[in-house]
Amino acid sequence: MKNNHLLKKNIKEKIMAETKEVSMFSSSLLKEIRNKFLYVDWDPYSGRRVYLEASGGSLRLKSVMETVARESALPDELYRFNPASDYVVDAVDKGIEDARLFLGAKSGEIIPAHSATQTMFRIIHTVVANIPGNNIVTTELEHPAVLGATKFYAETTGKELRLAKLSQETSSVPAEAILDLIDKDTCILVFQHGSNQTGAINDVKTIIAEARKIKPDLYVLVDAVQYAPHGHIDVEEYGADAYAFGPYKSYCVKGIGFAYASDRLSKLPHERLYGKPETNWVLGSPSHMMYASWSAVVDYLCWLGSHFTESAYRREQIVAAKKAIHAHMRGLLHRAMKGTKEIEGLWQMKHVTTCGMSEEIGNRLCIFLFRLDGLDSSAAIKRYNNEHGIRLAARIRDAYSTVPLKALGWPDAVRLSAGHYNTPEEIDLFLKATKALAG
């Protein structure tokens, strides 16, 4: 397509700018951070261990679990006009407002659901059912929440499903691969902000802007479940119609998901309770405990952000926290790949193959795939656990990983996924364990 060279140049410049600054939390602040989480370095079933499996679910904040215990015992329902009910209403309202602050959402609606997957199925269904078009565009790197929803609704409505190809060289989907599939008959574009498999980060704002040069009224859904815990978010700047994330990967608990919906998307005909406003997406009676739990996460981010900004405004504190988190995660990723003076990094270990990694790692989360010579991923995971107390994940060709692994040409892989509560010393322990598994 036209202007591909310019598009690649702009994206590369952004990547290099992000790569230059690598700054991790001070040891004293990191100690404070870790003290706010449960099971940081042990659990009741494994004993002491290093937890590098944030993509499967982040560590939980102590304040979140205290909120769950306190609020789940309260039986009162919304709008019963008594003091306890009024408190419940306030908790739900605050949870929604905190979701807005987290996303930078000044317009639109916040859609709550049992999970982020549920919000994405509902949104894709709503767009496909109401918006003309004969094709749906997504990528080979998507989570099955997206691949399943797009495949199902493409088949049930007779639309073509187009998958943008994954680059084996970079373990990401090039922006131009996505844009080349979009035309004036595309119904919806769906893609990840950050990959739960390879950690690759998409330039959301640029992709959406370029896509709308092809189709100005294109609907776009961004899956941010994996990106949301680690990077700065501003949905107003991106211009997406929908942006979904799962709190359980952002230091909260399972049982709730949120999605931002633009004004035009929220007004499309969708499943809703009789008598509710046309922009209302709430189905059933919401548990105020889940909203209060999310507010506890945002309170924590504001506390963390206050170390990096003098502002007392919660949104600015959240932004400061997320930028600091992203910088810390880049530092961990650099350490894992390049090592230190004392410890070889993965790039120096001859028995390790990393997936699509290059010097330009500024546009990645601290999530990556790798393989060890002579060990399949399941065997490797057992040895990491049993011999070294390192918690990682095996990626095999199951419902969650078949499509991306096939596209990469890999039979399986080991995945490391860190959180901002992880320390440089924990990365060093991982590197020492990996070195010990040579041969």
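1. Buried means under 20% relative accessible area, with exposed over 50% and partly exposed in between (1.4 Å probe, protein chains only). E8 covers residues 219–223 and is mostly covered, with five of its five residues buried. In a regular strand the side chains alternate between the two faces of the sheet.

2. A word on the basis. This is a predicted model, where local features need pLDDT of at least 70, side-chain atom pairs count only at pLDDT 80 or more, and totals for chains, interfaces and linings use all residues. Residues are numbered from 1 along each chain as its sequence is written, and side-chain values use heavy atoms, leaving out hydrogens and water. Helices (H or I, at least four residues) and strands (E, at least two) are DSSP runs, numbered from the N terminus.

3. Which strands pair with E8? Strand E7 (residues 186–192) is joined to E8 by five bridges, and the two run parallel. The chain crosses from E7 through helix H8 (residues 204–214) to E8, and this β-α-β crossover is right-handed (with the strands pointing away from the viewer, the path from the first strand over the helix to the second runs clockwise). Strand E9 (residues 242–245) also runs parallel to E8, with three bridges between them. Two strands pair if DSSP finds at least two bridges between them.

4. Asp223 has a partner in each neighbour. Gln192 stands opposite Asp223. In E9, the bridge partner of Asp223 is Ala244.

5. Now the whole sheet. Seven strands form an open sheet in the order E4-E10-E9-E8-E7-E5-E6, with mixed pairing. Strands E4 (109–113) and E6 (160–164) stand at the edges, each with a single partner strand, so one side of each is left without a neighbour in the sheet.

6. Helix H8 packs on this sheet and touches E7 and E8. Its direction makes about 165 degrees with that of E7. Angles run from 0 to 180 degrees between N-to-C directions, and axes are lines fitted to C-alpha atoms, for helices over the stretch in contact.

7. Elsewhere, helices H11 (residues 288–305) and H12 (residues 314–338) have axes that come within 7 Å and cross at roughly 75 degrees. They are therefore roughly perpendicular to each other (65 to 115 degrees; under 35 is roughly parallel, over 145 roughly antiparallel, the rest oblique). Residues of H11, including Ser295 and Val298, meet residues of H12, including Arg314 and Gln317. Contact means heavy atoms within 4.5 Å.
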